[in-house]
Amino acid sequence: MLATDVGEKRAGHYLSVLNELYRALRVKYSSVWRGRGREPMLALLFSRREDYRDFVKKDGVDAAVDSYGYYSGKKHKAYVFEFPGRTEAFLMHECTHQVYVERMKPKRTFTSMWLFEGMAERSEGWWNPRRKRVEVGRLHRGDMFALKAALKRDELIPLEKFLAAEKFADLFDEGYDTSACRVAYAQAWGWFLFLMKRHRSAFVRYWKREQDGRSGVEEFAKTVGKLDRLMSEWQNFIRGLK
């Protein structure tokens, strides 16, 4: 369900984007899809950022105030505002979180934040602003360029710290308009994409173990591979993206 003040025509467009996203997620992640939950999923889309900020404060979701969108598992709501050229992408990002928590993730189990954000960034990249449509499999161009630049400048977050983060904002001191934030999200996208492309079977095994309550850096290394080897392979993978 989409609650919004943007007008009927734009609301219909955004809702069609979310329906395309939902269908794509069911296909792409069928191996970890559990079909849990029957209640409608609610996304709130505001035409102005000021109204978004006022609403999330009143709704008791203070962590969302300075972000460009937010999903609250406690409230079971996704919050987004219109942003020139990025509304669909941000909506797809937050609603991927929502679909995962409300349709895929078992209750009371931990999900690594890099995985949680990487999955959402991958969906965000599927929106093609030039063609104005969802293109499943499309690379996230912004993340790709940011990641390649971070590799050249040696600004990557150390892998063990990155994998162990329990709060994603801790990786960039909650500054959403910083280069550190851009690198953190790009790194999440890059690792998620790499694992799905190059180590899908092992990654899905680890993902299922997280869903069963087993997570962490040690579990990841045991299931997917040694961190040093993966890091080297990952860097070559990212450099080779076009």
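Okay, let's start with S72: if we skip its neighbours within four places in sequence, S72 is in contact with V61, K77 and Y79, where contact means heavy atoms within 4.5 Å. Before I go on, this is a predicted model, so local features need pLDDT of at least 70 and side-chain atom pairs count only at pLDDT 80 or more, while totals for chains, interfaces and linings use all residues. Residues are numbered from 1 along each chain as its sequence is written, and side-chain values use heavy atoms, with hydrogens and water left out.

Back to S72, which sits in strand β3 (residues 70-72); strands here are DSSP runs of E with at least two residues, helices are runs of H or I with at least four, and both are numbered from the N terminus. Is S72 buried or exposed? It's buried, because its relative accessible area is 7%, and buried means under 20%, exposed over 50%, and partly exposed in between, with a 1.4 Å probe and protein chains only.

E135 is another buried one, at 18%. You'll find E135 in the loop between β6 (133-134) and α5. Its contacts, again leaving aside neighbours within four places in sequence, are W126 and N128. E135 and E20 are 115 residues apart in sequence, and their C-alpha atoms are 9.6 Å apart in space.

Now the helices. Helix α5 (residues 141-153) packs against helix α7 (residues 179-198) at about 105°, with the axes 9 Å apart. Axes are lines fitted to C-alpha atoms, for helices over the stretch in contact, and angles run from 0 to 180 degrees between N-to-C directions. So α5 and α7 are roughly perpendicular, the word for 65 to 115 degrees; under 35 is roughly parallel, over 145 roughly antiparallel, and the rest oblique. On the α5 side, the contact residues include M144 and L147, and on the α7 side, Y185 and W189.

Last, the aromatics. How many aromatic pairs are there? There are 27, counting Phe, Tyr and Trp rings (six-membered ring for Trp) with centres within 6.5 Å; planes under 30 degrees apart are stacked, over 60 edge-to-face, and the rest tilted. Take W114 and F220: their ring centres are 5.5 Å apart and their planes are at 85°, so the pair is edge-to-face. This pair links distant parts of the chain, with W114 in helix α4 (residues 113-125) and F220 in helix α9 (residues 217-223), 106 residues apart. Both W114 and F220 are buried. They also belong to a cluster linked by ring pairs, with Y29, Y100 and W207 among the other members.
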